[in-house]
Amino acid sequence: MLSIITPFYNTNSEYIERLVLTLEEQSDKNFEWIIINDFSINENVNNLKESLAESKIKYNLLHNDFNIGAAESRNRGLEVATGEYVVFLDSDDYVTENFVEIINLNTKNNQVDAFIFDFYIENKGKKERRYTLNSASNGLISKNDVLVKITSNICGKVIKREIIVKNKVKFPSIKRFEDWVFMTKCISLSINIQYMSLPLYIYVNNQDSVVHEFSKNTIDYVQRAFEIIETSKLVDMDVLEALFTREVLYSFIKLYIKEHTIGETKRDILSLEYKYNNWRKNPYICSFPRNQKLILGLYRYKMLWLIKMIMNFM
């Protein structure tokens, strides 16, 4: 059985009704849905309960006594999950009708530790396909290739619950990038990992979502997340260097240069990269998405002025 875990916090009734409908219409009913109400207002909770009451879904609705955030809510869901595999589904997103069927079929037949699939991004009703693994082929894939190619969000990833429980993996209590930390640990602890280039998840580009909040603290958030991964000592050094380059260095360059001079950016990047100053020779950079390779390549050739020009137009 598959456990689907969903944190719920004041989600619009239109979104939750659509999510309930897509789960009710699943071609494979062998799943449990765990919803964690993170201290939402009564109106939104009542809308959720009404949608659930009208459905035939097997669900477990938990209520937090105060707002603890998505990370801790997911951890609470993991504590009560009973399925052999776990997948996370946000309350404003939804899935294809064969979502559960494809996951159960592939995890059962192949006995994998992790199963990865693609997703759509929906913006104002229009869907755009995205690949969870950049430049990857269907089938079994090494964990190092997964770590350096995988998207840092939560969607498109299924983990064997035994790995989570046995190794006591939890979402860290940080405001952003907690899903990147969690999935990096889970993938690092996995042996058999399967990828299927098939979109099963629809990620709704909700501008009210916390992941779309930009602040000057974004750089601090990603650095803190990387420190947690770094201190876990679960990741090989060359992979760790690649993760630093892809998430920390790249984010720093593109965000910092927008609000600072070229001189300030150059100075502070040098202080940031001292520990991984050989990143330019890292073999995994060639597998990065094109936009990341572009920015990193321009920085490598000291063309910060062009990066600043590009970012000012974005």
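**Salt bridges and helix packing in a predicted model**

Ile-164 lies in helix α6 (residues 161-166), where helices (H or I, at least four residues) are DSSP runs numbered from the N terminus. The structure is a predicted model, in which local features need pLDDT of at least 70 and side-chain atom pairs count only at pLDDT 80 or more, while totals for chains, interfaces and linings use all residues. Residues are numbered from 1 along each chain as its sequence is written, and side-chain values use heavy atoms, with hydrogens and water left out.

Ile-164 counts as buried because its relative accessibility is 4%; buried means under 20% relative accessible area, exposed over 50%, and partly exposed in between (1.4 Å probe, protein chains only). Leaving aside residues up to four places away in sequence, Ile-164 touches Leu-78, Val-86, Ile-159, Val-169, Phe-182 and Cys-186, a contact being heavy atoms within 4.5 Å.

Turning to charged pairs, a salt bridge is a side-chain nitrogen of Lys or Arg within 4 Å of a carboxyl oxygen of Asp or Glu. The count by this rule is 10 salt bridges. One of them joins Glu-178 to Arg-74, with the closest N and O atoms 3.5 Å apart. This pair links distant parts of the chain, as Glu-178 belongs to helix α7 (residues 178-188) and Arg-74 to helix α3 (residues 69-80), 104 residues apart. Both Glu-178 and Arg-74 are buried.

Another salt bridge brings together the side chains of Glu-128 and Arg-130 at 3.5 Å, N to O. Here Glu-128 is partly exposed because its relative accessibility is 45%, and Arg-130 is likewise partly exposed, with a relative accessible area of 33%. Arg-267 and Asp-268 also meet through their side chains, at 3.0 Å from N to O. Arg-267 counts as exposed at 51% relative accessibility, whereas Asp-268 counts as buried at 16%. Elsewhere, salt bridges that share partners join Arg-74, Asp-90 and Glu-178 into one network.

Helix α4 (residues 99-110) has 12 residues and reaches 17 Å from its first C-alpha to its last, close to the 16 Å expected at 1.5 Å a residue; the expected span is 1.5 Å times one less than the number of residues. Buried residues of α4 are Phe-99, Val-100, Ile-102, Ile-103, Asn-104, Asn-106 and Thr-107. After α4 comes Gln-111, with a positive phi near 45 degrees.

How values were computed: Helix = DSSP H or I, 4+ residues; strand = E, 2+ residues; numbered from the N terminus.
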